[in-house]
Amino acid sequence: MDIDLILRVYPFFIEAAWVTIQLSVLTTILGLACGALGAAARMSRLAVFRWIGAAYVSVFRGTPALIQVFILYFGGPQIGIQLDSFAAGTIALGVNIGAYMTETIRGAIVSVDKGQTEASRTLGMSRWKTMRYVILPQAMRMMIRPLGVNINALIKGTALVAPISVVELTYTAQRFIGSTYKPFEMFLLAGLLYMVIIYVAGQGIAWLDRRARIT
Amino acid sequence: MGLDFTVVPSYFGVLLMGAGWTIAITVAAGLLSFFGGIFFAVVALYGHWAIRLPFRLFAWLFMGTPLLLQLFLIYFGLIQIGIDLPAFVAGVIGLGLHFAVYNSELIQASILAVDKGQYEGARTLGLSRLQTLRYIVVPQAVRAVVPPMGNNMIALLKDSALVSVIGVMELTLAAQQAISRTYRPFEFYLAAAACYYVINLALEAGLRRLERRFQASR
Amino acid sequence: MPDTPFIDIRHAAKSFGSLEVLKDINLQVQKGQIVAIIGPSGSGKSTLLRAINELDPLTSGEVWLEGVQVNKKLSHSQYEKHVNQVRQDIGMVFQHFNLFPHLTVRGNITLAPKLLKGISTEEANRLAEEQLAKVGLSEKIDAYPSQLSGGQKQRVAIARALAMKPKVMLFDEATSALDPELVEEVNLVMKQLAQEHMTMIIVTHEMGFAQDVCDRVLFMDQGVVVEEGPPDVIFRNPENERTRNFLRKHLAAQK
């Protein structure tokens with residue numbers, strides 16, 4: 001292993017890791033928003049919304065995220081959407097993971113015992129109040145862990161913006177493999193940084209999960 | 001520059017061939033990930049510690065890093081140590097190993113969940129440990145994880161698009177070739193997405209049938 | 001009757017840490033004999049049964065089957081080979097059946113004969129048909145265990161064990177997990193085996209069955225054989241206070 005080389009190039013990787021972190025955070029926020037909207041649509045009383053929600057999940061989960069990134073970045077300008085690679089990558093990945101999060105959120109809501117709804121409705125609570133005060137607080141707790149799984153996948157998924165030249169960890173590793181011919185060292189350097197990011201995110205999610213379970 | 005889908009039909013042949021390669025890669029890597037997953041699971045649970053330890057490290061690295069990064073490692077790493085594999089083979093190995101690690105995690109947990117009575121039933125008949133594993137425990141463990149392994153297969157199909165980045169000819173690269181001639185990325189990536197979607201539907205239907213077939217034998 | 005017993009258990013003892021579950025047990029069974037072991041749960045009766053085929057090896061003592069020591073002290077690999085060999089001669093039926101859910105009834109019965117006795121598929125199939133006919137389940141040969149009732153599962157489990165042509169059959173509470181109305185069909189199969197003079201050791205909670213079918217009854221409690229004798233004596237006129245107490249409670253509970 002070429003330690004000298006690693007010491008020389010690691011500042012570039014640290015910088016790239018920072019980009020990966022920004023990508024991850026923004027994608028998570030956008031994904032959660034899309035997921036919440038998607039779940040609401042999927043469970044709507046109106047068939048049109050249910051249909052739109054189902055189509056969103058099916059299309060975005062049924063095609064490669066890489067293609068989605070390409071369509072937005074390369075194809076966007078054709079329909080008047082001109083985005084730089086970072087913005088295009090973030091939006092495409094966020095909307096993509098949102099489709100997965102839709103199912104996670106919906107799954108958690110559906111898993112709340114039906115008796116809870118019946119009890120609330122029997123007390124005279126409206127559909128919305130039942131959801132807001134009884135179902136969601138219970139579902140929230142149950143969705144933290146599976147959302148954590150989505151986020152774990154999403155962090156690794158940010159590598160998909162490397163092909164559109166966002167200078168994040170995988171792109172940086174690829175570039176240095178090309179110039180140094182040391183694939184193993186570059187893999188380890190980028191890989192360890194990914195694992196640190198995933199570890200920290202995992203700890204954060206575990207903390208949230210523990211806190212949610214106290215009450 | 002607006003949209004013009006009329007250019008797409010003249011590249012049907014290219015896209016179709018790409019789709020064929022995508023299916024070939026998915027099947028080849030899928031088989032590798034299935035048998036590799038079983039092999040890794042058995043090694044991880046019953047192997048000598050000198051094998052288990054490097055395997056744990058390998059699994060840990062593969063589960064904690066992006067597939068694309070792994071593909072770069074395998075493709076360029078193999079060249080580095082003097083093995084110049086065709087891109088297709090490198091892509092299949094990369095995808096296959098990546099998902100083998102995920103399948104292995106599923107199968108390991110599933111093996112540990114096989115009822116103690118099954119070991120007793122088999123051992124009482126006189127089956128050796130290896131025979132018990134081969135004929136009783138592993139088949140049951142694998143059947144129990146058909147649904148989640150199916151999900152991995154679906155993920156594999158979509159992730160096969162990544163091997164275009166190391167130059168493997170498949171659907172995504174086929175679309176890129178058409179784009180380089182027509183400068184119509186939106187149309188051709190959308191067409192490629194539609195192909196993926198159809199293949200995905202077929203795969204999902206196939207997996208559902210498989211699940212149903214194994215229903216009684218669980 | 002030959003002088004050396006068919007099954008000979010000498011000074012069997014077993015402990016888990018400081019807990020002694022079997023204390024110096026001696027049991028001789030002649031060929032064709034049917035022995036019932038009764039006793040409260042935790043008495044060690046299942047442990048004793050499972051020691052006979054080395055499922056729960058003894059801490060000390062010896063188990064012999066037809067002049068061959070089952071629990072020989074051997075090197076690890078030799079022990080494995082030896083145990084796999086002798087287990088082929090000892091059929092066992094479990095409380096929870098332990099059928100292989102991924103195999104059909106046919107697959108369950110033919111797996112071990114094919115693997116271990118090297119017989120052909122046709123021969124194994126014939127064997128399966130023959131054994132299934134015996135337990136009255138010929139029509140279920142291609143069913144999966146999940147498609148059978150508890151009683152049917154247990155009858156298949158018996159057929160599976162019999163297909164190995166064992167010298168002795170061990171029954172570990174074979175009917176305890178069954179719904180009451182399914183018990184009889186399994187009992188019938190066991191009675192039929194008794195008429196064919198199969199050597200059997202039966203751990204059971206069913207006093208009526210033990211009384212009808214068995215030549216000898218052992219009452220175990222706290223790891224020792226408290227009393228043994230012919231069923232008429234044990235059930236009608238037990239000498240030991242503990243036996244009387246157990247039977248009184250048990251018979252009351254069964255009513």
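Predicted model: local features only at pLDDT ≥ 70, side-chain atom pairs only at ≥ 80, totals over all residues.
Reader: Which helix gives the most to the nonpolar patch?

Author: Helix α1 of chain A (residues 3–42) does, with 4 residues; a helix is a DSSP run of H or I with at least four residues, numbered from the N terminus. Residues are numbered from 1 along each chain as its sequence is written, chains are lettered from A and ligands numbered from 1 in written order, and side-chain values use heavy atoms, without hydrogens and water.

Reader: What makes up this nonpolar patch?

Author: Met1(A), Ile3(A), Leu7(A), Tyr10(A), Ile14(A) and Phe184(A) form it, with about 640 Å² of accessible area together. Such nonpolar side chains are joined within 5 Å, each residue having over 30% relative accessible area and no salt bridge.

Reader: Why is Tyr10(A) called partly exposed?

Author: Tyr10(A), in helix α1 of chain A, has 42% relative accessibility. Buried means under 20% and exposed over 50% (1.4 Å probe, protein chains only), so Tyr10(A) counts as partly exposed.

Reader: How do you know how the span of α7(B) compares with expectation?

Author: Helix α7 of chain B (residues 146–159) has 14 residues and reaches 19 Å from first C-alpha to last, close to the expected 20 Å. That expectation is 1.5 Å times one less than the number of residues. Among its buried residues are Val146(B) and Leu157(B).

Definitions and conventions: Helix = DSSP H or I, 4+ residues; strand = E, 2+ residues; numbered from the N terminus. Patch = residues over 30% accessible without salt bridge, like charges linked within 9 Å, V, L, I, M, F, W, Y side chains within 5 Å. Areas by Shrake-Rupley, 256 points an atom, 1.4 Å probe, with all protein chains shown as cover. Salt bridge = Lys/Arg side-chain N within 4 Å of Asp/Glu carboxyl O.
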